[in-house]
Amino acid sequence: MRQLYIGGAWIASVSGKAIEVVNPATEEIIDRVPAGAPDDVEAAVAAARKAFPSWSETAPAERAKLLGAAAELLKERAGDIARTIATDMGSPLGFALKVQTLMPQGVLASYAQLAESHQRESRVGNSLVVKEPVGVVAAITPWNYPLHQIICKVAPALAAGCTVVLKPSEVAPLAAYALTEIFHEVGLPAGVFNLVSGVGPVVGEAMAAHPEVDMISFTGSTVAGRRVASLAAESVKKVALELGGKSANIILPDADLGTAVKVGVANCFINAGQTCSAWTRMIVHRDQYDEAVRLSVEAARKYTVGDPFDEATRIGPLVSAAQRDRVVHYINRGQEEGARLVAGGTERIFDRGFYVEPTVFAAVEPGMTIEQEEIFGPVLSIVPYTAEDQAVQIANGTRYGLAGAVWAGTQERATAVARKLRTGQVAVNGGQFNPLAPFGGYKQSGVGRELGEHGLEEFFEIKALQL
């Protein structure tokens, strides 16, 4: 069994208990990680608190050097880490390399640069405004992007001069261990970064409630985010939350329908639909609705489901039996409420593995469960509209506001509609994801931003010196 990483050393959990890591493609146990206990959290927070004064005063250039070395080592090991992610999380290997590993490697490298270049002082009249690291940061991360979500929190926290206690998801924790080994090898000082694996109700809650934790950064479901925020409120600590989504893909009548549908289906099914920012609602004018449904079904049938290590696979398994059952429940609910299943469904397609076919629903109306709630699987809902204002109203008509897309005949028209969406990020006519741009949500999709300079700013306190 693996160990925890606390105070610069690998140590056993006081619990003596293990969590089994399961390969979602084969249902076989591939590893075991410690089921951390509150006492482990206590030790990790103490180590981070002890390391904070020295790390916060370390020259930005030195912090940048260490983060840069970690980014280089991560790049060297990208192939091995991608195979790890494909095994414990189920992403197809090509996606696991390009998106799950090399993209976060680039994010880590970007924070190595920002650690040194970011301006931490400015003048406002007779005041010197100073940015200072917030302190000890507790980071709780999910299983769907098990390396990227860690780096989105840990890299800016370390760059700012904070120390970190990380709890990765117990469902797919192995990439976190690989990153921890890299931090250890590049010589990150003891206590600056600590890893405590375990379950949310035990380890996560102990971190969120701990009085010596200055900030909690959480990515996960909105329900769990509310719990984290509630616990953090007791000690009035800073909170950053990246939560659920139900993003809309608005296709206006003058858009290139074929391209908009093809890209929209691809975005919905990325990572087997286990992406908080996925465009899971395609909103199409009634005059083009039947054609959009036909094109969506045609596109969905090209998404080969299978072994993550098979080059032909475009959709791997869902991460766990519980996640598969959740998605199947929503597919059944969609049919019960009157939506029309036009592709996919709930049939078991393999004897083993947590697989769900890419699924498309037509005749979806605003307010249906599958139109309102985050499913977190390869399920697309196609919703009709008659007027542009109605399309915007439907897009804004959920409790979420994380991402979205707008397609139109001109960029100007698409941008004008994009400005009306109450959401943190909008792709305009297929604009590419930018890992340096701020990422985060409106409404119940979260609080705060990740990535780039905006992500770094989350980990500072602001002080005004009146001169």
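Which residue of strand 17 is the bridge partner of Asn-249? The first legend answers this, and every view shows a predicted model.

**View 1. Strand 17 and its parallel neighbours.** In strand 17, Ala-405 is the bridge partner of Asn-249. Strand 12 (residues 248-251) pairs with strand 17 in the parallel sense, over four bridges. Strand 18 (residues 427-428) also runs parallel to strand 17, joined to it by two bridges. Here Val-428 of strand 18 is the bridge partner of Val-406. Between strands 17 and 18 the chain passes through helix 14 (residues 411-418), and this β-α-β crossover is right-handed. Within strand 17 (residues 404-407), Gly-404 and Val-406 point one way. Ala-405 and Trp-407 point the other way, and all four are buried.

**View 2. The largest cavity.** The structure holds six cavities of 30 Å³ or more. The largest has a volume of about 90 Å³. Its lining comprises 14 residues. Nearest the centre lie Ala-248, Arg-281, Ala-395, Ala-403 and Thr-423. By class, the lining holds six nonpolar, five polar and three charged residues.

**View 3. The second largest cavity.** Strand 10 (215-219) and strand 11 (238-242) each contribute at least two lining residues. Five residues of the lining are nonpolar, four polar and four charged.

View 4. Glu-28 and Arg-352 meet through their side chains in a salt bridge (3.6 Å, N to O). Glu-28 lies in the loop between strand 3 (18-22) and strand 4 (29-34), and Arg-352 in the loop between strand 14 (340-343) and strand 15 (359-362), so the pair ties together parts 324 residues apart in sequence. Glu-28 is partly exposed, at 42% relative accessibility. Arg-352 is partly exposed too, at 46%.

**View 5. Salt bridges within helices.** In helix 3 (residues 78-88), Arg-83 and Asp-80 are three residues apart, so about one helical turn separates them. Their side chains form a salt bridge (2.5 Å, N to O). Arg-83 is partly exposed at 39% relative accessibility, as is Asp-80 at 48%. Helix 10 (residues 289-300) holds Glu-291 and Arg-294, three residues and about one helical turn apart. The side chains of Glu-291 and Arg-294 meet in a salt bridge of 2.7 Å, N to O.

**View 6. A salt-bridge network.** Salt bridges link Asp-254, Glu-388, Arg-413 and Lys-420 in a network. The whole structure has 20 salt bridges.

Note on methods
Residues numbered from 1 in each chain as written. Predicted model: local features only at pLDDT ≥ 70, side-chain atom pairs only at ≥ 80, totals over all residues. Heavy atoms only, no water. 1 Å grid on protein atoms, 1.4 Å probe; cavity = no way out; pocket = protein on both sides within 12 Å on 5 of 7 lines; lining within 4 Å. Points joined across faces, edges and corners; volume = space filled by probe spheres on them. Nonpolar A, V, L, I, M, F, W, Y, C, P; charged D, E, K, R; others polar. Buried < 20%, exposed > 50% of the residue type's maximum accessible area, 1.4 Å probe, protein only. Pairing = 2+ DSSP bridges. Right-handed = clockwise from strand over helix to strand, strands pointing away. Salt bridge = Lys/Arg side-chain N within 4 Å of Asp/Glu carboxyl O.
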